[in-house]
Amino acid sequence: METLEFIIYPDGRVKETVTGIVGASCAEVTAAIEAQLGIVMAQQTTSEYFAQNNEQSATETVAAKTAYSQW
């Protein structure tokens, strides 16, 4: 599940935490919000940022199964 959490401090700073989005696409999701909030002072990436989607299509699976000889 994709989640955006915002903490607004009394001095006006906003801390944004994104979870559930794999890879750099989280920057695309938050770009419009960050543009409205103001200047981004710092960013810290999480392990999800460096993760990759492990989607495998059915054709890749079939190709892998037929690569072996049938003797």
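Ile21 counts as buried because its relative accessibility is 7%, where buried means under 20% relative accessible area, exposed over 50% and partly exposed in between (1.4 Å probe, protein chains only). This is a predicted model, in which local features need pLDDT of at least 70 and side-chain atom pairs count only at pLDDT 80 or more, while totals for chains, interfaces and linings use all residues. Residues are numbered from 1 along each chain as its sequence is written, and side-chain values use heavy atoms, with hydrogens and water left out.

**Chain layout**

The protein chain has three helices and two strands. Helices (H or I, at least four residues) and strands (E, at least two) are DSSP runs, numbered from the N terminus. Along the sequence, the pattern is β-β-α-α-α. Of the 71 residues in the protein chain, 8% are buried.

Ile21 sits in the loop between S2 and H1. Another buried residue is Cys26, at 19% relative accessibility, and Cys26 belongs to helix H1. Val40, in the loop between H1 and H2, is partly exposed at 41% relative accessibility. Glu5 is part of strand S1 (residues 3-8) and is partly exposed as well, with a relative accessible area of 42%.

Each of these residues can be paired with one from elsewhere in the sequence. The table gives the separation along the chain and the distance from C-alpha to C-alpha.

| Pair | Separation in sequence | C-alpha to C-alpha distance |
|---|---|---|
| Ile21 and Ala51 | 30 residues | 9.4 Å |
| Cys26 and Glu2 | 24 residues | 9.6 Å |
| Val40 and Arg13 | 27 residues | 9.8 Å |
| Glu5 and Val18 | 13 residues | 6.5 Å |

**Side-chain contacts**

One salt bridge is found in a search of the whole structure; the term stands for a side-chain nitrogen of Lys or Arg within 4 Å of a carboxyl oxygen of Asp or Glu. The side chains of Arg13 and Asp11 form a salt bridge, with 2.8 Å from N to O. Arg13 is partly exposed, at a relative accessible area of 48%, whereas Asp11 is exposed, at 54% relative accessibility.

Arg13 also lies over the face of Tyr9, 4.4 Å from the ring centre. A charge sits over a ring if NZ of Lys or CZ of Arg is within 6 Å of the ring centre and within 35 degrees of the ring normal.

The search of the whole structure also finds one aromatic pair. In it, the ring centres of Tyr49 and Phe50 are 5.1 Å apart and the planes stand at 80 degrees, so the pair is edge-to-face. Rings of Phe, Tyr and Trp (its six-membered ring) pair if their centres lie within 6.5 Å, and planes under 30 degrees apart count as stacked, over 60 as edge-to-face and the rest as tilted. Tyr49 is partly exposed, with 33% relative accessible area; for Phe50 the value is 58%, so Phe50 is exposed.

**The largest pocket**

The largest pocket holds about 950 Å³ of space. Its lining has 26 residues, and the closest to the pocket centre are Glu16, Glu34, Ala42, Gln43 and Gln44. Strand S2 (14-19), helix H1 (25-37) and helix H2 (47-50) are the elements that give two or more residues to this lining.

On a 1 Å grid over the protein atoms alone, a cavity is a set of points where a 1.4 Å probe fits but cannot get out, and a pocket is an open set with protein on both sides within 12 Å along at least five of seven lines; lining residues have an atom within 4 Å of a point. Grid points are joined across faces, edges and corners, and a volume is the space filled by probe spheres set on the points.

By class, the lining of the largest pocket is made up of 12 nonpolar, nine polar and five charged residues. Here Ala, Val, Leu, Ile, Met, Phe, Trp, Tyr, Cys and Pro count as nonpolar, Asp, Glu, Lys and Arg as charged, and the others, Gly among them, as polar.
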